[in-house]
Amino acid sequence: MTNTPEIFADRLLGFSLPGRDARGRAVRLDAVLDDILGAHDYPAPVTHLLAEALVLTSLMGALLKEDGAQLTMQAQTQDGPVRLLVCDYRGGEMRGYADFDRDRLAQLGANPSLPSLFGQGFLAITFETGNRQRYQGVVPLEGHSLAAACEAYFFQSEQIPTLLKVGIRAQGRSCVAGGLLLQHLPQGEVGRERLHARFDHPDWEHVAVLAGSLSHDELVDGGLSMEALVWRLFHEESEIRVDPGAALTKGCRCTVAHYKDVLGRFPDDERDAMRNEAGDIVVDCAFCSREFIIDI
């Protein structure tokens with residue numbers, strides 16, 4: 001472990017277990033989560049769902065190293081009360097939004113299951129690298145949680161053994177959520193077995209059991225640093241390497257300058273068709289729940 005200040009919230013912590021060929025990410029979202037969720041009056045089930053999605057997005061997005069790289073997670077359905085959920089992460093900046101049918105959602109009760117929220121939905125995870133390469137995996141929204149669906153993505157699309165745990169605590173309009181991502185690292189193709197094709201490797205089974213003992217209370221305990229959490233799980237390992245990651249902030253891109261740039265690419269006649277009765281072009285940011293009048 002290092003002597004740098006410990007991380008308690010709103011910053012990522014990367015770690016690795018060299019003796020087990022494993023890597024991980026840990027995070028706890030606090031003020032940044034309230035900042036993102038506070039833009040909308042979400043009912044409790046959607047607050048819980050979006051909090052989980054933002055934790056997962058930050059953990060997976062932290063796997064990207066290139067400047068300008070971005071991860072987007074999108075869950076969508078045509079027959080569930082939650083029609084769309086989208087979150088993205090870029091260099092520590094995060095945003096998220098959910099579109100839902102409030103009346104249908106109210107009929108589900110206090111703790112609806114993932115299938116009842118999305119019906120026959122799907123989850124798309126898109127990685128965009130800094131050099132504009134883009135790749136995407138799509139999996140059904142099956143299982144008991146978004147974390148389980150993300151594990152299925154890594155199993156089907158990446159062939160990397162992955163464990164994801166998320167804990168959420170909501171009190172009134174305030175919410176804290178924490179998460180852990182653990183993966184068995186793929187090895188070189190020449191001269192060594194490809195570990196990511198073996199989900200029963202003893203090193204992976206060992207660290208997965210240790211990580212599986214992590215409780216929800218530990219993930220949301222504001223008095224327990226990320227370093228202490230990792231140490232609590234893996235202190236018997238021969239070596240733990242930690243790497244403090246990006247500080248996390250709400251990072252919506254809704255500025256007048258941005259929208260002017262986008263609208264400036266449209267022909268005059270198409271921009272005229274966008275104007276309201278007063279002659280203004282009004283852009284609504286779904287992420288921030290704000291309207292912008294664009295003078296162009």
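The model discussed here is predicted.

Q: Why is H2 called mostly covered?
A: Buried means under 20% relative accessible area. In H2, 16 of the 18 residues are buried.

Q: Which residues of H5 are buried?
A: They are Leu146, Ala147, Ala148, Ala149, Cys150, Tyr153 and Phe154.

Q: What comes just after H5?
A: Glutamine 159 follows, with a positive phi of about 55 degrees.

Q: Why is glutamine 70 called buried?
A: The cut-off for buried is under 20% relative accessible area. Glutamine 70 has 10%, so it counts as buried.

Q: Where is glutamine 70 placed, and which residues does it touch?
A: Glutamine 70 is in strand S3, residues 70–76. Leaving out residues up to four places away in sequence, glutamine 70 touches Leu64, Asp88, Tyr89, Arg90, Thr126, Phe127, Glu128 and Arg253. Contact here means heavy atoms within 4.5 Å.

Q: How far apart are glutamine 70 and threonine 129, in sequence and in space?
A: In sequence, glutamine 70 and threonine 129 are 59 residues apart. In space, the C-alpha to C-alpha distance is 6.5 Å.

Now for the whole chain.

Q: How many helices and strands does the protein chain have?
A: The protein chain has 10 helices and 13 strands.

Q: Why is the protein chain called as compact as a globular protein of its length?
A: The globule rule gives 19 Å for 296 residues.

Q: What share of the contacts joins residues 24 or more positions apart?
A: Among contacts with a separation of 6 or more, that share is 65%.

Q: What percentage of the protein chain is buried?
A: Buried residues make up 49% of the 296 residues.

Q: How many positive and negative side chains are there, and how far apart are their centres?
A: There are 28 positive and 43 negative side chains. The centres of the two sets lie 2 Å apart.

Note on methods: Residues are numbered from 1 along each chain as its sequence is written. This is a predicted model: local features need pLDDT of at least 70, side-chain atom pairs count only at pLDDT 80 or more; totals for chains, interfaces and linings use all residues. Side-chain values use heavy atoms; hydrogens and water are left out. Helices (H or I, at least four residues) and strands (E, at least two) are DSSP runs, numbered from the N terminus. The radius of gyration is taken over C-alpha atoms; the globule rule is 2.2 Å times the number of residues to the power 0.38. Buried means under 20% relative accessible area, exposed over 50%, partly exposed in between (1.4 Å probe, protein chains only). Lys and Arg count as positive and Asp and Glu as negative; His and the chain ends are not counted. The place of a charge is taken as NZ of Lys, CZ of Arg, CG of Asp or CD of Glu.
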